[in-house]
Amino acid sequence: MGTSLDSNGRVEIFLPSSLGYEKVARNAAAAVAEEMGFSEDRIEDLKTAVAEACMNAIEHGNREDRATSVTVLLTAGPNQLEVNVTDEGLNPIPDQFPDPGRPGGDNRGWGMFFIQQLTDKVEISRLPAGGNQVRMVIYLQPEGDTQADAPKGQGE
């Protein structure tokens with residue numbers, strides 16, 4: 001699959017609201033990030049975050065209604081990749097997300113937890129025209145990452 005950026009450094013994808021299609025967005029994000037020079041570790045983080053955001057949009061935002069779609073917009077900047085995942089908002093984003101790993105064996109809450117841990121910036125919003133949006137930014141180099149260029153210590 002070839003993925004190329006338009007003249008504004010963007011790729012836009014429209015996904016049907018059916019679980020499984022998150023893989024298309026995940027692979028496109030990985031292709032763009034690879035083209036931008038992201039490390040393998042950063043690409044893996046990005047793939048997980050994009051897949052989680054898309055699955056949330058499909059399952060919760062659009063209630064798996066195949067008549068609705070999820071829009072994924074990838075925008076490449078000089079040192080970062082921005083990913084916006086937007087659903088049609090049949091179900092509004094809750095004011096508070098469930099805590100991951102809470103007692104009772106419920107697996108809810110892990111998706112947003114992973115998204116927040118694996119990306120550098122996350123903004124979640126309800127759009128004025130309806131719909132929910134998760135905006136994620138991942139930097140080419142993590143903020144405050146001086147390890148990448150630091151020499152290895154003695155004896156390692």
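Author: The account below takes up the core and then the charged pairs.

This is a predicted model, in which local features need pLDDT of at least 70 and side-chain atom pairs count only at pLDDT 80 or more, while totals for chains, interfaces and linings use all residues. Residues are numbered from 1 along each chain as its sequence is written, and side-chain values use heavy atoms, with hydrogens and water left out.

The largest nonpolar core has 31 residues; such a core is a set of buried Ala, Val, Leu, Ile, Met, Phe, Trp, Tyr and Cys residues joined through side-chain atoms within 4.5 Å. Within this core, Val72, Leu74, Leu81, Val83, Val85 and Met136 touch the most other members. At least two core residues come from each of strand E1 (10-16), helix H1 (22-36), helix H2 (40-61), strand E2 (69-76), strand E3 (80-86), helix H3 (110-118) and strand E5 (132-139). Helices (H or I, at least four residues) and strands (E, at least two) are DSSP runs, numbered from the N terminus. The most is given by H2, with eight residues. Leaving aside neighbours within four places in sequence, valine 83 is in contact (heavy atoms within 4.5 Å) with Leu46, Val50, Val72, Leu73, Leu74, Val134, Arg135 and Met136.

The whole structure holds four salt bridges, each a side-chain nitrogen of Lys or Arg within 4 Å of a carboxyl oxygen of Asp or Glu. In one of them, arginine 135 pairs with glutamate 82, with the closest N and O atoms 3.2 Å apart. This pair links distant parts of the chain, since arginine 135 belongs to strand E5 and glutamate 82 to strand E3, 53 residues apart. Both arginine 135 and glutamate 82 are buried, where buried means under 20% relative accessible area, exposed over 50%, and partly exposed in between (1.4 Å probe, protein chains only).

Arginine 135 also meets the side chain of glutamate 123 in a salt bridge (3.2 Å, N to O). Glutamate 123 lies in strand E4 (residues 121-126) and arginine 135 in strand E5, so this bridge ties together parts that are 12 residues apart in sequence. Glutamate 123 is partly exposed, at a relative accessible area of 44%, whereas arginine 135 has 19% and counts as buried. Through shared partners, the salt bridges join Glu82, Glu123 and Arg135 into one network.

Another salt bridge is formed by glutamate 44 and lysine 47, whose closest N and O atoms are 3.3 Å apart. These two are separated by about one helical turn, because they stand three residues apart in helix H2. Glutamate 44 is partly exposed, at 39% relative accessibility.
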